[in-house]
Amino acid sequence: MPGPGCGLGVVLAFIADFFASTPRDFEGKAPAQAGNGDSRRKPATGAGVVARIAGVNIPTNKRVIIALQYIHGIGPKSAHDIMEKVHIPQERRVSQLTDAEVLQIREVIDRDYIVEGDLRREVQLNIKRLQDLGCYRGLRHRRNLPVRGQRTHTNARTRKGPSKPIAGKKKVT
């Protein structure tokens, strides 16, 4: 390390040499060396292939029927139906899928299901339509209250938010 009396240029040159000679990751730590017991840097088996379906990177080490449920709009029943249409066994994992199978899954989802952004947009348009009509459900949406008949005298804190203090009300002691 350069001494306290040297100039800024010498310090910068030393720092540049230091980082050039020692490769670092984004946190400033040296990469894991082979055999030191640090397995965080090694990818899991099969993790090199990432299946991207409907704009979502589905997890590679899970079974396909579970991984498909990471897509907004596909639940257990839809995932099971997709697996049957594409003729993939239930126990198959995403890392074991071929490119042709991933393409078949993608085509079935695009053809038969409304997912992700399109589904979110459709739901928002339905809510907006109810609000514009001025019907009861639309008013409940507009006021951020429960829509489907739940009680609001006590519960419903998820929709209403944190309770607001009432002026002049005494606390029970």
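## Basis of the description

Helices (H or I, at least four residues) and strands (E, at least two) are DSSP runs, numbered from the N terminus. The model is predicted: local features need pLDDT of at least 70, side-chain atom pairs count only at pLDDT 80 or more, and totals for chains, interfaces and linings use all residues. Residues are numbered from 1 along each chain as its sequence is written, and side-chain values use heavy atoms, with hydrogens and water left out.

## Helix α5

Helix α5 (residues 116-133) has 18 residues. From its first C-alpha to its last it reaches 26 Å, close to the 26 Å expected at 1.5 Å a residue; the expected span is 1.5 Å times one less than the number of residues.

The buried residues of α5 (buried means under 20% relative accessible area, with a 1.4 Å probe and protein chains only) are Glu 116, Leu 119 and Leu 130. They cover an arc of only 85° around the axis, which puts them on the same side of α5; the arc is that of the directions from the helix axis to the C-beta atoms. These buried residues pack against β2 (56-58) and α6 (136-142), where contact means heavy atoms within 4.5 Å. The face turned away from the buried side carries Arg 121, Gln 124, Leu 125 and Asp 132, which are exposed (over 50% relative accessible area). Just after α5, Gly 134 takes a positive phi of about 80°.

## Helix α4

The 14 residues of helix α4 (residues 99-112) should span 20 Å at 1.5 Å a residue, and its end C-alpha atoms are 20 Å apart, which agrees. Buried in α4 are Glu 101, Val 102, Ile 105, Val 108 and Ile 109. They cover an arc of only 125° around the axis, which puts them on the same side of α4.

The buried residues of α4 pack against β1 (51-53), α2 (64-67) and α3 (76-86). On the other side of the helix, Asp 99, Asp 110 and Arg 111 are exposed.

## The nonpolar core

A nonpolar core is a set of buried Ala, Val, Leu, Ile, Met, Phe, Trp, Tyr and Cys residues joined through side-chain atoms within 4.5 Å. The largest has 23 residues, and those with the most contacts inside it are Leu 68, Ile 71, Ile 82, Ile 105 and Ile 109. The elements that give two or more residues to this core are β1, β2, α2, α3 and α4.

Not counting residues up to four places away in sequence, Ile 105 touches Ile 53, Val 64, Leu 68, Ile 82, Val 86, Ile 88 and Leu 97.
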